[in-house]
Every structure is written in structure tokens, then in C-alpha cells.
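The sequence and the model are shown first.

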Amino acid sequence: MRDILKTLADEHAQLKTLFEQINATTDRAEKTRAELLEKIEANLIPHAKWEELVFYPAFAERASHDQLLQHAEAIQEHRAVELTVLPDLHASEKTSRQFAGSVKVLSEFITHHADEEEKEMFKAARQLFSSEERAQMDEDYEAWKASPAAAGLTFHAKAKTALKSVVRNPKAPG
């Protein structure tokens, strides 16, 4: 039977593999870094947007007081990546140490987030949602990822990151 939690965990694993690959590159690997960053964002952005639009709100509706803290933490981690880490990464030259450092921070952030999500939120979600509901979410997610809405949200998120990166100085905080 399908299960959204398995699908999301599989996507976490794919991202971790991509991060291992990009973190293993040298400063001279400009083309490889660009290609890997594109793959990371192609996996990360739709995943994050769907969680924000569907999974997290559904989780919050059924969550206990303690589980709402997990929810709030997950939302803030998404915001930090979208508003700070990705724009800093895009503001850096792909051949720079700043780029390598930003990739390392992004990979650590996402790995921590994914591990915590799987350990805490997914464990709670198995109790909050029936196997049938999780299977339906998985089907809905697959359909959504192929939809114009997903493409539009992904485009908007990338454009927002690009605009934020224009005003960033990756050598200085803030």
C-alpha cells in the first residue's frame, strides 16, 4: 500500500545523496555544482511546498500540544532555508569557498530537518492518520507534483530566491 511518509522519506534519502555528491566537489567543478544544485532544488522545492500547503496543515489540525511544537519548528526550518540559506547560496560564485560553505550549511540543515521529521513528525503522523489517509495523501502528492500548480509554485520559489540573492553579499552575514 502507498504511504506518503515512505515517499517523503525516500525523497529525503535522494536529497542526502545529492548533498553528498555536491559536498564532494572541488571549487573547480562549476558545471557539476550547477547541475547538482539544480537537481537539489528540483527535488527540494516541490517537496517543501507540498509539505507547507498540505501535510503540515493536516498534521496541525490533529496534533497535540507537543506535536504542534514539532510543526512550528518544521515551518521555521523551511523558512530559514527559503529566506536565508538558498539566497546566500545563489549569491555565491559556484567556484568559491562561500558556495561550498553555503552548500554544507544547506545540507546539514536539510539532513537535520529530515531526520527530525522522520523520527518525530512521521512517528506522530502514523498515529494521527490512518493507512488509507496516508495512501490517499501519497496519491494526491503524486498528482500535485505533475500539476501546473506545482510548477507555478516551484517557479515562484526559485524566482524569489533569485531576487533575494541579488541583494546578498555572501561574504557578510545578514
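## Basis of the description

Helices are DSSP runs of H or I with at least four residues, strands are runs of E with at least two, and both are numbered from the N terminus. By this criterion, L36 belongs to helix α2.

The model is predicted, and local features therefore need pLDDT of at least 70, side-chain atom pairs count only at pLDDT 80 or more, and totals for chains, interfaces and linings use all residues. Residues are numbered from 1 along each chain as its sequence is written, and side-chain values use heavy atoms, with hydrogens and water left out.

## Overall architecture

The protein chain contains six helices and zero strands, in the sequence order α-α-α-α-α-α. Its radius of gyration is 17 Å, close to the 16 Å that the globule rule gives for 174 residues, so the chain is as compact as a globular protein of that length. The radius of gyration is taken over C-alpha atoms, and the globule rule is 2.2 Å times the number of residues to the power 0.38. Along the principal axes, the C-alpha atoms fill a box of roughly 50 × 30 × 30 Å.

Contact means heavy atoms within 4.5 Å. Among contacts in the protein chain with a separation of 6 or more, 78% are accounted for by residues 24 or more positions apart.

## Surface and charge

Of the 174 residues, 42% count as buried; the term buried denotes under 20% relative accessible area, exposed over 50%, and partly exposed the range in between (1.4 Å probe, protein chains only). The protein chain exposes about 9,400 Å², of which carbon and sulfur atoms supply 55%. These areas come from the Shrake-Rupley method with a 1.4 Å probe, and for residues only the protein chains shown count as cover.

The protein chain carries 23 positive and 30 negative side chains, and the centres of the two sets lie 6 Å apart. Lys and Arg count as positive and Asp and Glu as negative, while His and the chain ends are not counted. The place of a charge is NZ of Lys, CZ of Arg, CG of Asp or CD of Glu.

## Nonpolar cores

A nonpolar core is a set of buried Ala, Val, Leu, Ile, Met, Phe, Trp, Tyr and Cys residues joined through side-chain atoms within 4.5 Å. The largest has 20 residues, and those with the most contacts inside it are I4, W50, F55, F59, M121 and M137. Helices α1 (4-23), α2 (30-62), α4 (97-128) and α5 (131-145) each supply at least two residues of this core. Apart from this core lies another, of 16 residues, which includes I22, L89, F99 and I110.

Leaving aside neighbours within four places in sequence, W50 is in contact with I4, L8, F55, M137, Y141 and W144.

## Selected residues

F122 lies in helix α4 and is buried, at 1% relative accessibility. Beyond its neighbours within four places in sequence, F122 is in contact with L5, L8, A9, H12, F55 and E117. L153, in helix α6 (residues 148-166), is partly exposed, with a relative accessible area of 29%. L153 touches K49, L53 and W144, residues up to four places away in sequence not being counted. L153 and W50 are 103 residues apart in sequence, yet 9.5 Å apart from C-alpha to C-alpha.

Helix α2 holds both L36 and T32. L36 is buried, with a relative accessible area of 7%, whereas T32 is partly exposed at 36%. Not counting residues up to four places away in sequence, L36 touches L18, Q21, I22 and T25. Its C-alpha atom is 8.2 Å from that of F19, which is 17 residues away in sequence. The C-alpha atoms of T32 and I22, ten residues apart along the chain, are separated by 7.8 Å.
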